[in-house]
Amino acid sequence: MRIALVASARFPIKEPFAGGLEAHTWTLARTLTQRGHQVELFAGPGTDPTLDVRELPVRRARLSESARSDVSMPDGQWMDEHHAYLRLMLDLAGSDGRRFDVVHNNSLHYLPIAMAAALPRPVITTLHTPPTPWLESAIQTSERCPVVFTAVSAHTARVWRPLVPAARVVRNGIDTALWSRGPGGPGLAWFGRVVPEKGPHLAIEAARLAGVPLRLAGPVGDTEYFRERVAPLLDDTITYAGHLDRRGLVDFVGHAAAVLVTPCWDEPYGLVVAESLACGTPVCGFDRGALGEILTPECGRLAPADDVAALAELIPETMRLDRLAARDRAERFCSLDAMADRYVSLYEELAAR
């Protein structure tokens, strides 16, 4: 198959990854290529060149002073991304698009959906987030949206159902050979983007209540939040390991007794849950979004959303769960092969129409 993968342009698709979306896109591109498919990844500047990347050209529009002073003037980053995706979709609408059998959009931008009807090849969009006004608007630009949608969880498919009634669920897979089972350890781990919606401050509160050491890792996505809500809580028992690459994270997670997952929003999927289980590390988290789809009583515990005291009470029993059961759940439910099989089957189905 000849596959055009469209990525989010906000961050480069390279290690150490800015977040789960970037890690998923890198993994999908690499897996499809290893299976013998011809993959071109359209992504932001600085992306891993081994993925056969075509960068989304970011060109600043030459706007007049009058236009810049208009009340509708958006910020510069918004304009840059708008131009990049507009150029890409115009290219794919022309002869460039006939080089592919299918276009698979993994970005969060509205233009790949709004302009899909102009492309000569079928377009798939994977829904990675809850509904946004820009995407909902794009879906309604034509009487019948020609895009085939997938969703990263049953939860995400459900919240989009009023507008996208037939999204197919294809859960994000992880490389269980890379994310290998670790020996465990005496303390807790938390990893992910250090931003308010991921709630690392709540993980710290829960670990303190439980009296168990906690190590955190991940990119600081909100400097002010880290400075005011996280850094003041760090000490000898609550530590921050920085932004680690995947091999560093495998070692980090594999040496924890349990991982805390404390989202302050409804997680569309929860890649850190799958990665933790692959390392044999049970998960203790808030029951939000898709976490309940991945965890079973054998490999995790869930507390009511935002209930730090309940989370702390569940930590000791989570630390005693069987690491082999956690690993087994990852291999059966979160494998890379299962994800790739479903996407390739969908590509072939659409290309044959």
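Visitor: In which strand does asparagine 105 lie?

Guide: This is a predicted model. In it, asparagine 105 belongs to strand 4, residues 102-105.

Visitor: Is asparagine 105 buried or exposed?

Guide: Buried means under 20% relative accessible area. Asparagine 105 has 1%, so it counts as buried.

Visitor: What does the side chain of asparagine 105 make a polar contact with?

Guide: Its partner is the side chain of threonine 125, at 3.0 Å. Leaving out residues up to four places away in sequence, asparagine 105 also touches Val6, Pro112, Ile113, Ile124 and Thr126.

Visitor: Which residues line the second largest cavity?

Guide: Thr125 is one of them, and the lining also includes Ser107, Leu108 and His128. Strand 5 (residues 123-127) provides the largest share, three residues. By class, the lining has three nonpolar, five polar and no charged residues. The space in this cavity is about 40 Å³.

Visitor: What is the volume of the largest cavity?

Guide: About 70 Å³. Helix 1 (20-34) and helix 10 (271-278) each supply at least two lining residues, and helix 1 gives the most, with three. Four lining residues are nonpolar, three polar and three charged. Trp179, Arg246 and Glu275 are among them.

Visitor: What is tryptophan 179 in contact with?

Guide: Setting aside neighbours within four places in sequence, its contacts include Arg246 and Glu275, as well as Leu249, Val250 and Cys279. Trp179 is also among the residues with the most contacts inside the largest nonpolar core, which has 55 residues. Helix 14 (residues 336-351) gives the most to this core, with seven residues. Apart from it lies another core, of 32 residues, including Leu127 and Ile139.

Methods:
Residues numbered from 1 in each chain as written. Predicted model: local features only at pLDDT ≥ 70, side-chain atom pairs only at ≥ 80, totals over all residues. Heavy atoms only, no water. Core = buried A, V, L, I, M, F, W, Y, C linked by side-chain atoms within 4.5 Å. Buried < 20%, exposed > 50% of the residue type's maximum accessible area, 1.4 Å probe, protein only. Helix = DSSP H or I, 4+ residues; strand = E, 2+ residues; numbered from the N terminus. Contact = heavy atoms within 4.5 Å. Polar contact = N/O pair within 3.5 Å; in protein donor to acceptor, adjacent residues only side chain to side chain. 1 Å grid on protein atoms, 1.4 Å probe; cavity = no way out; pocket = protein on both sides within 12 Å on 5 of 7 lines; lining within 4 Å. Points joined across faces, edges and corners; volume = space filled by probe spheres on them. Nonpolar A, V, L, I, M, F, W, Y, C, P; charged D, E, K, R; others polar.
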